[in-house]
Amino acid sequence: MQIRKAAVLGAGVMGAQIAAHLANAGVPCLLLDIAPKELTPEESARGLTLESCAVRNRIAQAGFDAAKKARPAAFFSPELADLVTVGNFEDDLPKLKSCDWIIEAIIENLDIKRALYEKVEPHLHPEAIISTNTSGIPLKSLAEGRSENFRRRFLGTHFFNPPRYLHLLELITTPETDGSAACFIAGFCDRSLGKGIVYAKDTPNFIGNRIGTFAMLHAIRVMLAGDYTVEEVDALTGTLIGHAKSASFRTLDIVGLDTAVHVAKNLHAAVPDDEKRDTFETPEILDQMVARRILGDKTRGGFFRKAGQDILTLDLKTLEYRPRQKPKFASVEAAKNIENLPDRLRALVYAEDKAGEYLWQTTSETLIYAANRIPEIADTIVEIDNAMKWGFAHEMGVFETWDAIGVERSVARMRQQGRAIPSNVEAMLAAGAKSFYRTENGVRSYFDFASGEYREERAAAGVTILKSLKDQNRVIKKNAGASLVDLGDGVACVEFHSKMNSIGGDTIGMLHTALREVEKNFAGLVVGNQGANFSVGANIMLILLAAQEGDWDELHDAVRQFQNATMSLRYSPKPVVVAPFQMTLGGGCEMVLHADRNVADAETYIGLVEVGVGLIPGGGGTKEMAVRAWDAAEASPGADHFACLRRNFEITAMAKVATSAVEARNMGILRANDRIVMNRNRVIEEAKQSVLGLAREGYRAPEPRQDILVLGESALTKFKLGIHMMKRGGYISDHDALIGLKVAEVLSGGNLTRPTRVSEQYLLDIEREAFVSLCGTRATQERLAHMLKTGKPLRN
C-alpha cells in the first residue's frame, strides 16, 4: 500500500489543517467542500455566476486560505501549500479515483455524513482507504448501508486540533475493518505524519474527549461550588501540574464554548449507563455564555478578553469583564520551588489549603472515572495515559499521575471520604501491586487489569528511549550537565540534561570526553536528547558573571573551548550526527551547523538568537554563516557573493528563527542532505542509523578549511552603510548598530583591503574577539541580566 495522493472532505478548521499536514508530509491533497447555492454580494458585483469555478470552490478556498494564515502555522513552509488543490463535492468527486486515502471531516451529523459517503463511494478505487475524523459518532452507524468493500476499507482516524502540533491520533476500527488497512494507516500516520497512535474502541467520544470532557466539566463544578475565580483555576491547572500553559479556561476560549457545550450535550445523550452521566450535563453558566455569544477567541471574548494591552477576566457572577486578579496560594508558592513534577504534584494535591482542596477534588475524581472506563473505552491504562499526554499536552497521564501522588495513600483518603474505589484498582491492590507502572532493569511495565499482572510496555520498532538505556546501566560517562550513553551497535550518544539543556562547562567537557571515547571505541556519535528542547543555548548566567567581574581571560577561554568543541564535531575522525528538535537556539544551533549530518525533528525551531542578549554567535556560528555564504556563491556560477552574505547577515543580525525543519533547510541552517523526521520519538534511532550509514560508506573526516573567500572592506563598507541607514531611520538602537557591525566584521573577514582566502581559524578569532568585546559593554550586560530575570529580550 502507498499514499501517493489523498483527499480531505470538508474544509473547516480541522479538514483544512489535516490537508495542510498531509502537504507537510509531501502528499498531494484534494480539499473538497460543498458548492454554494447563493452568490455573495461581492461575487455578484464581479459578474460571477453560480457556475463560476471561483464561486463553486469558494467554501473550500476559504478554508484553505484560513489554513495558510493560521497561527501557529499549519504548513511547515508556505510553498507546501502548492500541494493542496481545492474543489467541491458537485464537480470534483471523480478526482477521488486517483486518491489512496480519503479523510472525511465534515459536520458532526450522522445523516449528512452518510449522504456524503453514498455520493463518494462510486468514485473510489477498490483499494482506497476511507476514514472519518468524527470525534464521537459510532463508526458502525456511519458505515451502515455501504458496500462490503467500503466497510472493509473504513476506519476512524481522529486527529486532535491543531493536527500539525498535537501528537495524538486515535485509530478506531469496526469488526469489518480490514486489519491490514488499519495497520498500514497506523504506520503511515506514525512515520509520515508524526503521530502517536492510540487504538480506541468504538465508544462515544473515544478516549481523549471522553476523559477530557469529564475532567473539564467536573473541574467547573468544583470551581462553582468552592467559589474559585477563573484566574485561580487557571493558576492551578496549567504548567504547575504539568498540563498545557493554556490551563483550563484559556483552553476553552481557544476551543470555543459552543464546541465544548455541543460535545458535552452529545456525550450526555450517548452514555445513558455511565455512572457519572450527570457530570456531562452542562453547567448553567456555560449555557448562559453560549446564549450571549461569549464563545471565546472566535467572538473575541470568552473567559478572557483582550482590551488594548490588557487582558480582562469574565466575572462568572455578573458575566461582566473586570481586570485580572493575581491568585495567591501559599502551597503554590512553596511548590514552585519543587522542580520534579511528581514531587510537586504530590505536595499540591495533599496541601491543606484552598488550592490543595481544589486539586484533590478534581484530580481524584478524574482518576476514579478513568479507572472505571477500562475496559469500556480502552483495554489498558497505557492507551488512556497516552491519549491524555499526546492529545492534551499533559506531561503525565492519568495513571502516571495516580502513581505520583501515591496509590495507597490516595485510595485511603478516598475511602475515608466514603467514595467508591474502582473494582479493578481494588483488585490490583489486593494482588500486592502498589503502583500502575514499575521499572525494572530499564524495562517499564504496566499493571494489566485483565490478567492481574504486570506486562512490559513495549516501545514501537524504531524507537529508542534514552531513559530506558540509562536504567540498563548503559551510561559510559556522566556529569551534572550531560551523559555519554551507549546506544548499541557501536554508536554512542551525548545526552544533555542541564536546566533547559543550556550549554555550559559540563556540556562542553562531555563533548570533548565523548569524542575521545568514540575515536577509540565506537563507530560514531549522536548528539541528542529527549528533554523538552534540544538546547536553548549557552548558559548566559556564566557569561554575565564573568563579564561583570571583568574576567576577560576567562571569557576568552570559555568561548575558545566552545569553538573548539563545535569544530571538533566537524573534524572528528568518526562521524557525528546531531539530532535537534523543538527549541534549538544559539549554541544548540551552532552544534547543528557543525555536524557531519543532522537528523532533525520536523518540529525544530532553530536559529542564531544571540543578538537578543546583546551578543553575536560565538561558538562558530557567525564564522559558519560566512563559510556558507561563500559555498553558496561558489556553487552557483555567476552568483552575487555579497547577496549571499547579506542573506546570512539578516539571519544572524535579526535573530531569525526557523519555525520548522523545512524552513530551516530553506534558510540554509540545515543542508540538503540532512534528514527530517516527522515523528520526534524516532529521531534518536534515525540519527543512530545515519551514523552507521556514514561509517559503512567509509567515512573520512574533512580537512579544516583554508579556502574561504572573504570580501573584506568592500563588503564591510556596504554593511556599515546599511546599518547606518537603519539607525538613522530609528529602526535600531545604537547598541543594535554595534552588534550588527560586529556580525558584519566576521562575515566580511574584517577590514581586509581586497578579497582574500582565509582559514576557518582566522574567522573564529575575529568572532571570539567580537563576542568578548560586546560582553564588556554595559548595554549587553543589561540585556543579559534582563533575559535572566524575565526570560525576554531587552531593547536598549
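**Cysteines**

I began with the cysteines and found that the structure holds 0 disulfides, a disulfide being a pair of cysteine sulfur atoms within 2.5 Å. Cys 493 is in no disulfide, and the nearest cysteine sulfur, that of Cys 589, is 19 Å away. Cys 644 is likewise in no disulfide, with the sulfur of Cys 589 as its nearest cysteine sulfur at 18 Å.

I note here that this is a predicted model, in which local features need pLDDT of at least 70 and side-chain atom pairs count only at pLDDT 80 or more, while totals for chains, interfaces and linings use all residues. Residues are numbered from 1 along each chain as its sequence is written, and side-chain values use heavy atoms, with hydrogens and water left out.

Cys 493 counts as buried because its relative accessibility is 0%, and Cys 644 counts as buried at 17%.

Strand 17 (residues 491-496) runs parallel to strand 18 and is joined to it by 4 bridges, two strands being paired if DSSP finds at least two bridges between them. Within this pairing, Val 491 stands opposite Gly 524 in strand 18. The chain passes from strand 17 through helix 22 (residues 505-521) to strand 18 in a right-handed β-α-β crossover; right-handed means that, with the strands pointing away from the viewer, the path from the first strand over the helix to the second runs clockwise. Strand 18 is also joined by 3 bridges to strand 19 (residues 576-578), and these two run parallel. The bridge partner of Val 526 in strand 19 is Val 577.

**Strands 7 and 8**

I found another right-handed β-α-β unit, made by strand 7 (residues 168-172), helix 8 (residues 179-191) and strand 8. Strands 7 and 8 pair in the parallel sense over 5 bridges, and Glu 170 stands opposite Val 198 in strand 8. Strand 8 (residues 196-200) has 4 of its 5 residues buried, so it is largely enclosed by the rest of the structure.

I traced an open sheet of 3 strands in the order 20-22-23, with mixed pairing. Its edge strands are strand 20 (582-585) and strand 23 (657-658), each of which pairs on one side only. Strand 22 (residues 604-607) and strand 23 run antiparallel and are joined by 2 bridges; Ile 606 has Ala 658 in strand 23 as its bridge partner.

**Salt bridges**

I counted a salt bridge where a side-chain nitrogen of Lys or Arg lies within 4 Å of a carboxyl oxygen of Asp or Glu, and by this rule the count comes to 57 salt bridges.

One of them joins the side chains of Arg 146 and Glu 121 at 2.7 Å, N to O. The pair links distant parts of the chain, 25 residues apart, with Arg 146 in the loop between helix 6 (139-143) and helix 7 (148-152) and Glu 121 in the loop between helix 5 (110-120) and strand 5 (129-132). Both Arg 146 and Glu 121 are buried.

I looked up Lys 688 as well, which forms a salt bridge with Asp 489, the closest N and O atoms being 2.8 Å apart. Lys 688 lies in helix 29 (residues 683-696) and Asp 489 in the loop between strand 16 (482-488) and strand 17, so the pair ties together parts that are 199 residues apart in sequence. Lys 688 counts as buried at 6% relative accessibility, whereas Asp 489 counts as exposed at 57%.

The side chains of Arg 438 and Glu 440 meet in a salt bridge at 3.9 Å, N to O. Arg 438 is partly exposed at 37%, and Glu 440 is partly exposed at 46%.

Note on methods: Buried means under 20% relative accessible area, exposed over 50%, partly exposed in between (1.4 Å probe, protein chains only).
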